[in-house]
Amino acid sequence: MQRITGGSFDPRLAFRKSVGTGFVGLFLLALCIGLAGLIILIIQVLIEGIPWLSWTLLSSYQSRFPEQAGLLAPVIGSLWLMALTAAFTVPVGVGAAVYLEEYAPKNRLTQIIEINISNLAGVPSIVYGLLGLAVFVQWMAMGRSLLAGGLTLSLLVLPIVILTSREAIRAVPQSYRQGAYALGSTQWEVTKKIVLPAAFPGILTGVILAMSRAVGEAAPILAITALVYVTFVPSNPLDRFTILPLQIFDWVGRPQEDFQALAAAGIIILLGLLLSMNALAIFLRNKYQKRSEE
Amino acid sequence: MRRGGIVAPLISFKELGKAHKAFIMKRTTAETGEPTISSKAETRAPTRVKDKRRRRRDLEGNAVRYLFFLCALVSIVTTVGIVVSLLSQAVGFFQEVPFWEFFFGTRWTPILKPNSYGVLPLVGGTLLVAGLALAVAIPVGLAIAIFLAEYAPDKMRRVIKPALEVLAGIPTVVYGYFALTWVSPQLQNIFPNMLIFNALSAGVVMGIMVIPMVSSLSEDAMLAVPRSLREGAYALGATKLEVSLKVVVPAALSGIVAAFILALSRAIGETMLVTIAAGATPNLTWNPTESIQAMTAYIVQLALGEAPHGSIEYQTIFAVAILLFALTLTANMVGHWFVRRWQEKY
């Protein structure tokens, strides 16, 4: 054992402290690398894409000539797809979340369902695409339609909606439920009138985040539709369609530089859509949070 | 996500209900035992009406319970659907091509003659890109996590965390565009002989893409380490860095390793980025400046080509997809297992 003499509790303290400072520098550097990736990406997209942003881009169909090419079909396709996906995902996802939080007995089956959901969240999106291709497009004979795409995407984002909804439901204080039970409510009444309204802002935020994930997904829809030259706006769920990320993918892959710049313009629109969805989520969350506190 | 069961309510509602029912029964029998008090009899009549309504409400409640249960079952059906749909298509493939050739063959030319169905070049391509991604994301992501969990003041965290979330929310097509049109030309300045499609730029950009995943999961793990451990180390005279690296990181190691594994799984399954930027030449190589083809990119290539349904080309997609599914599922399960098995309980 070393004897500790007065005044030199640790003679290397100065050195150790300077190592500490050095590492803080390294941590900051790492942070800069991460954020620099984001900033360069955005700058690159803006520089390339802004000159191509125009009304033509939003109002015309695809074309062989970059000056005449537009995103009308993909933008409408993306909106359609988002609506269909939300229509399938919200009831099923919230229902599953309510079951797991409020109803599920603690047994083997519940455990399997929970593990299964967290594993599904990690399945690559292209695999969902192949599932949709085999089940919806071919087996159920929906064709390469919006309906098949919406069902596929809703399976893809279902784990997200379930996980976020469960968290929102879990955050509702037990005392709310106990108060309602004390007044003689049944479990369903407690769920319907107390738990779901209280959890609504959280569920809504989760749904919007899941939809913004769905809007950006290209791979599963690629497997469902293949690349198509769509020169019409889909009018019902059985129509063929294309979506923004797919059109961007198509343009990025072309050798002409003009098309790559068009892709950048498409990316600006896609990111704008995502940004406004996220802003909406934040706005709604703040609004409802305030109301529930009143 | 990593939580095992459901938070148990303070009192189980089933028990509460039972106790309530027993109480009611006792009360009514006690009341019928005393028929002389007429005013009590009057209050019984509305109770019976209420019971009828109660029965309807219970019936409704039961119906809803089954409906919710069906919703929860959708996830099981999805998993079964994935396995069955992939397997049923791949069976035809494995009738033509022996397992041995598929898993250990080193040439992948399913479309060109002479056909050869060795999947190793695709697996190698995927692992090469994923390895590069982890080489970027692990040091950077972990450093950011340590900084956010241990060093950053609250104000700074409130700016950095949303920025990282933005990074995580950007669609992968956009990363593909970035890798192909910016990163790859920049890297060509360093490696002049490199093709525009290469594993390196895809790997680096994928690394940037999974940084938020590594950093946020690792940070969560570090924040779960109790203050008392840190304070104990400070009391022994450790510096802040020593506390971070020698106390907090080891204590959070299970969560950190899980973050790495989940990031690996994400990198293996990533599709658009590798399709756009890494190339379409199945190539078993360790050289990241070469053009390769990842498993996911092959699936996309064939899906685009509209290979005739039922042909062996079409079936190869499903064979590759099964392998992909198995790889990512294994990685995910190992990741979750790591958290459960090695998590320190404080």
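The largest nonpolar core has 191 residues, and Val129(B) and Val205(B) touch the most other members. Such a core is a set of buried Ala, Val, Leu, Ile, Met, Phe, Trp, Tyr and Cys residues joined through C-beta atoms within 7 Å. Helix 4 (residues 120-151) of chain B gives this core the most, 20 residues. This is a predicted model: local features need pLDDT of at least 70, side-chain atom pairs count only at pLDDT 80 or more, and totals for chains, interfaces and linings use all residues. Residues are numbered from 1 along each chain as its sequence is written, while chains are lettered from A and ligands numbered from 1 in the order written.

**Chain B**
- Chain B has 13 helices and two strands (DSSP runs numbered from the N terminus: H or I, at least four residues, for helices; E, at least two, for strands).
- Of its 346 residues, 44% are buried (20 or more other C-beta atoms within 10 Å of the residue's own, all placed from the backbone).
- Beyond its neighbours within four places in sequence, Val205(B) contacts Tyr175(B), Phe178(B), Ala179(B), Val183(B), Leu273(B) and Ala277(B) (contact: C-beta atoms, placed from the backbone, within 7 Å).

**Interface**
- The contact takes 81 residues from chain B and 76 from chain A.
- Helix 2 (residues 38-96) of chain B gives the most to the chain B side, with 21 residues.

**Confidence**
- Chain A has a mean pLDDT of 88, with 94% of its residues at 70 or more (pLDDT is the predictor's confidence in each residue, from 0 to 100).
- Within chain A, confidence is lowest in helix 2 (residues 55-59), at a mean of 81, and highest in helix 6 (residues 146-170), at 94.

Technical notes:
Two residues are in contact if their C-beta atoms, placed from the backbone, lie within 7 Å. A residue is buried if 20 or more other C-beta atoms lie within 10 Å of its own, exposed if 12 or fewer, and partly exposed in between; C-beta atoms are placed from the backbone.
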